Amino acid sequence: MTTAVPVKSRRPWTPSQIVLTVLGAGVSVVFLAPLAWALATSLKSETEAVDVPTHWLPEQATTQAWRALLATGNITDWFVNSLVVSVCVTSVVLMVSALAGYGFARTEFRGKGVLMGLVMSGLMVSPAVLGVPLFTTVQQMGMVDTYWGMILPQCAPAAMVYILYKFFQGVPRELEEAAFIDGAGRWRVFFTIVLPLSRPSLAAVGIFTFIASWNNFLWPYMVTSNPDLMTMPNGIATVMNSYGIQWAQLMAGGLMAGLPLIIVFVFFQRQIVAGVAHTGLAGQ
């Protein structure tokens with residue numbers, strides 16, 4: 001004799017759930033609308049892209065803008081340059097921030113407060129203000145039109161040091177003291193205990209640093225004039241300036257430059273949310 005499995009009836013939605021769902025859908029539409037508009041415009045001809053009145057969907061979809069962009073710009077080199085610079089900057093920032101944050105959180109030394117104040121003073125200075133002094137320094141070191149000239153000036157992460165410093169302060173000292181009693185040294189404790197516990201914060205710092213470096217337009221523009229070393233934002237801007245404002249190509253280039261960031265958000269959204277929750281970035 002078979003017994004019927006009771007089917008749970010779906011609970012009706014409460015008014016608050018309905019309001020939150022409608023609100024979430026509205027916010028999603030607001031954020032996705034520019035991407036949809038850019039994609040639709042990139043599939044139009046240049047003549048149709050500037051038609052007045054404008055319309056969302058192309059009358060006759062074409063990949064002319066994408067083909068023209070690939071033909072006139074060295075997209076592969078720009079993509080590789082952006083990837084190399086962003087990955088190197090992210091790696092250096094993670095290493096420097098983790099070591100400095102842990103050092104400030106766990107060691108006592110003379111002048112610690114003054115040094116911490118100097119590091120934190122970097123939060124009060126706009127990167128644009130430092131453009132000319134940094135360029136002068138890079139020029140005197142002979143690093144103009146080099147990868148190092150683009151990478152090193154982006155590796156002074158005052159905010160990231162502070163984020164990891166506050167996180168390391170919250171790690172229970174008892175875990176480290178137990179490891180010290182078992183004979184572990186400071187470096188072993190750092191790499192085997194502290195860093196594994198810091199994965200959410202390290203993921204957040206790494207993702208935010210990668211995004212900021214990938215989107216950085218001003219500094220690579222100042223320090224690089226060699227077309228073979230241009231990053232995606234600078235390279236696409238050069239193509240646009242050479243041929244005037246061609247809106248279909250502009251939208252195609254913007255989507256191409258933003259594709260890696262969209263992939264990062266899609267595949268690492270869990271780490272981003274967890275990192276924001278652990279580092280306290282939600283209020284910024």
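**Fold and contacts**

Reply: This is a predicted model. Among the protein's contacts with a separation of 6 or more, 74% join residues 24 or more positions apart.

Me: How many helices and how many strands does the protein have?
Reply: The predicted model has no strands. The helices number 15. That gives 15 helices and zero strands.

Me: What percentage of the residues count as buried?
Reply: The protein has 284 residues. Buried means under 20% relative accessible area. The share that counts as buried is 35%.

Me: Which residues have the most contacts inside the largest nonpolar core?
Reply: That core has 33 residues. Elements giving it two or more residues include helix H4 (75-106), helix H8 (158-170) and H10. The residues with the most contacts inside it are Phe 168 and Phe 190.

Me: What does Phe 190 touch, not counting residues up to four places away in sequence?
Reply: Phe 168 is one of its partners. Leu 195 is another.

Me: How many residues are in the second, separate core?
Reply: This core includes Leu 69 and Ile 75. Met 232 and Met 256 are also among its members. Its count is 16 residues.

Me: At what angle do helix H9 and helix H10 pack?
Reply: Two packed helices are described by the angle between their axes and the distance between the axes. For H9 (residues 173-181) and H10 (residues 186-197), the axes are 10 Å apart. The crossing of H9 past H10 is right-handed. The angle is about 145 degrees.

Me: By class, what residues make the contact of H9 with H10?
Reply: H9 contributes Leu 175, Glu 176, Ala 179 and Phe 180. H10 contributes Arg 186, Val 189, Ile 193, Val 194 and Leu 197. By class, that is seven nonpolar, no polar and two charged residues.

Me: Cys 88 and Cys 155: buried or partly exposed?
Reply: Buried means under 20% relative accessible area. Cys 155 has 12%, so Cys 155 counts as buried. Cys 88 has 31%, so Cys 88 counts as partly exposed.

Me: Is Thr 209 buried or exposed?
Reply: Thr 209 sits in helix H11. Beyond its sequence neighbours up to four places away, Thr 209 touches Val 89, Thr 90, Val 93 and Met 160. Its relative accessibility is 8%, so Thr 209 counts as buried.

Me: Which residues is Phe 109 in contact with, leaving aside neighbours within four places in sequence?
Reply: Phe 109 lies in the loop between H4 and H5. With a relative accessible area of 36%, Phe 109 is partly exposed. Its contacts are Gly 103, Phe 104 and Leu 115.

Me: What is the phi of Asp 145?
Reply: Most residues other than glycine have a negative phi. Asp 145 is not a glycine, yet its phi is positive. Asp 145 is in the loop between helix H6 (131-140) and H7, and is partly exposed at 28% relative accessible area. The phi is about 60 degrees.

Key: Residues are numbered from 1 along each chain as its sequence is written. This is a predicted model: local features need pLDDT of at least 70, side-chain atom pairs count only at pLDDT 80 or more; totals for chains, interfaces and linings use all residues. Side-chain values use heavy atoms; hydrogens and water are left out. Axes are lines fitted to C-alpha atoms, for helices over the stretch in contact, and angles run from 0 to 180 degrees between N-to-C directions. Helices (H or I, at least four residues) and strands (E, at least two) are DSSP runs, numbered from the N terminus. A crossing is left-handed if the near helix is turned anticlockwise from the far one by less than a right angle, and right-handed if clockwise. Contact means heavy atoms within 4.5 Å. Ala, Val, Leu, Ile, Met, Phe, Trp, Tyr, Cys and Pro count as nonpolar, Asp, Glu, Lys and Arg as charged, and the others, Gly among them, as polar. A nonpolar core is a set of buried Ala, Val, Leu, Ile, Met, Phe, Trp, Tyr and Cys residues joined through side-chain atoms within 4.5 Å. Buried means under 20% relative accessible area, exposed over 50%, partly exposed in between (1.4 Å probe, protein chains only).
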